Amino acid sequence: MPRTNNTVMCIGFYSRGSMEARILAKAKRFRSRAELQEHQSKLLRRLVRYVYDRVPFYKKKFNEQGLKPDNVKSIQDLQRTKFFTVKDDLRRNYPLGMLAVPFEEVVRVHASSGTTGLPTVVAYNAKDIETWAELDARCLLVAGASSRDVVQVSYGYGLFTGGLGLHYGAELIGAKVIPASAGNTQRQLTLMRDLGTTVLCCTPSYALYLAEYARDHGFDLERDFRLRLGIFGAEPWSEGLRRQVEENLKLRAHDIYGMSELYGPGVAIECPERCGLHVWEDHFLVEVIDPKTGEPVEPGEEGELVFTTLTKEALPLIRYRSRDVSMLEVDPCSCGLIHARIMRIRGRTDDMIKVRGVAVFPSQVEEVLSRIDGLTPNYQLVVDRPGALDRLLVRVELSPRAATDVLTRLVILQRRVEEELREALGVAASVELLEPGAIPRSEGKAKRIVDLRSLR
Amino acid sequence: MITQLSVFLENKPGRLSEMARLLQEAGVNIKAMGIAEAGNHGIVRMVVDNVDLAVKALQKAGMAVSKVDILAIDMRAGVYQISKILGDHEINIDYAYTGSGSIIFMKVSDEGKAYQVLKSAGVKVYDTI
């Protein structure tokens, strides 16, 4: 019955388009930062009362600080105190001691990998799942995806929030979703080719591995794929890695930010301007603090990102310390969004390693490696302490293109990397050149640091 | 002149055997070989009986391999005589190694000129081996 089909198609198309427009309109509904901040303060006042009444942990914390919920009018009232929530608070209240709704209301839990002891469990009610989907839908739309796209979600599905977060967002905008999850690289590439994937969501290191694997296993990166957009996150990465992934996979790469404590991915996204990631400030109140003192840094200075969830219902968090290091840009962006931008995440306070007292982030090393010809972005930092002093070793794979019969060339390359690293890091590192493929590949977050000091 | 393959390997046990295994499985024979090392890495330089097959097998395994032209000289002319001729013509020897038989393989600063001066001095220089 062609007529019926036509009607259905028209309705389908119309409602999809209007859904996209509706989601974008919500993201753009504030005309000024003052208006946005007024909205945030209103939500914050409601939140403070909400957690005081519902979460014993927060009630106790307010009382300890001598703060009455009614006296909190804006974030400044909290900044005057040392009121923070940290990951350990969630662990100490394992599994769900900080829940603000009855457990019956919970419809989903996720858990972040517990590298040290217990996992951190987070919970969602139905409204949270809806909000989260909308945030990821916004991210996809702002990055340039639409209902016409085929979105391959190659983040892990399961306890990790990456897979399901992007999945719900992509479905909400009406895209065609391939829930590939992480792993099985051969199948990923086969599906990508045969279903004409246009948007790829995964970690940047896995994106690079996909390209490498494709090249080595008979795929034609130019002709076999229709990729045009990458939504990459869940680990800090550099502009150099972005260039490599874009060149190899022939797509435009956007950084996405999030963490399970804040729903998951979808907290912030790069718009087409790609100068910072817009934080959805109608859902998150973001601050930058000095990780040592807890004081807010001066505008434009680098520090630890701290988030207050303004709309989460099941597990709201006040001034949650993300341990991610970045800075905030509030000046208007030429894309038209007034939401503040977090500049590229430099690393995590717990990814940061101290080498002879100097803070070193893997992303700094990556930036150096990616601008030197003859190297790949596959690298590892190894720290040990053979005597009294720390020793930093950077192991990096040589690019097959850099093959040579002249040993001196390799020695010069190695010395150049050592010099540039010393320049960039402010601490000496020795460099080992490895054969291509020597560093184990990861399907999720790449393991960049091997700290042998902690084993003793 | 003949083609030498240069393979980048980490300087640790098992890497050379891995490379040699790949060549053996591809049916390639190594005619001559030398190893140069610098710290954690090194370069294996070698002459093989089937360059294309060898390059294909090594690259497929992800190895960093390159090709360069070198000289294969009959050593029976005498190492002193060969090196004196080259030295007298301001040609530098970058590295050299020997294989089975009496051939010395040399990488020099100017292959074309070296080829000519050795030939005209009556030293045998091989075009194939």
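Tutor: Gln188(A) counts as buried, because its relative accessibility is 2%; the scale calls a residue buried under 20% relative accessible area, exposed over 50% and partly exposed in between, using a 1.4 Å probe and protein chains only. Keep in mind that this is a predicted model, where local features need pLDDT of at least 70, side-chain atom pairs count only at pLDDT 80 or more, and totals for chains, interfaces and linings use all residues. Residues are numbered from 1 along each chain as its sequence is written, chains are lettered from A and ligands numbered from 1 in the order in which they are written, and side-chain values use heavy atoms, with hydrogens and water left out.

Gln188(A) sits in helix α8 of chain A, which covers residues 185–194. Helices (H or I, at least four residues) and strands (E, at least two) are DSSP runs, numbered from the N terminus. The side chain of Gln188(A) reaches the backbone oxygen of Gly183(A) at 3.1 Å.

What else does Gln188(A) contact, leaving aside its neighbours within four places in sequence? Besides Gly183(A), the list holds Gln152(A), Ser154(A), Ala180(A), Ser181(A), Ala182(A), Tyr206(A) and Leu210(A). Contact here means heavy atoms within 4.5 Å.

Now let's step back to the domains. Chain A is divided into domain 1 (1–350) and domain 2 (353–455), with bounds that come from an automatic or database domain assignment. The C-alpha centres of these two domains of chain A lie 30 Å apart. In their contact, 24 residues of domain 1 of chain A meet 16 residues of domain 2 of chain A. Together the two domains of chain A bury about 1600 Å², with 51% of that on carbon and sulfur atoms; buried area is the accessible area (1.4 Å probe) that two parts lose on being put together, summed over both. On the domain 1 side of chain A, Ser238(A), Gln244(A) and Arg346(A) lose the most area to domain 2, together 27% of what that side buries.

The interface of these two domains of chain A also has 1 salt bridge by the rule, which asks for a side-chain nitrogen of Lys or Arg within 4 Å of a carboxyl oxygen of Asp or Glu. Arg441(A) forms a salt bridge with Glu212(A), and their closest N and O atoms are 2.9 Å apart. Between the two domains of chain A there are 5 residue pairs in polar contact, both residues at pLDDT 80 or more. The elements giving two or more residues to the domain 1 side of chain A are α9 (204–216), α10 (239–249) and β15 (347–348). By class, that side divides into 9 nonpolar, 9 polar and 6 charged residues. For the classes, Ala, Val, Leu, Ile, Met, Phe, Trp, Tyr, Cys and Pro count as nonpolar, Asp, Glu, Lys and Arg as charged, and the others, Gly among them, as polar.

Next comes the meeting of the two chains. Here 17 residues of chain A are in contact with 22 residues of chain B. The two chains bury about 1500 Å² between them, 57% of it on carbon and sulfur atoms. In chain A, Asp405(A), Leu407(A) and Glu435(A) lose the most area to chain B, together 45% of what that side buries. On the chain A side, α12 (407–425) and β20 (430–434) each supply at least two residues. Helix α12(A) gives the most to that side, with 4 residues. The chain A side has 11 nonpolar, 3 polar and 3 charged residues.

Ser100(B) lies in the loop between β5 (93–98) and β6 (103–108) of chain B, and Ser100(B) is exposed, with a relative accessible area of 62%.

Terms used: A polar contact is a pair of N or O atoms within 3.5 Å; within protein, one must be able to donate a hydrogen and the other to accept it, and residues adjacent in sequence count only if both atoms are side-chain atoms.
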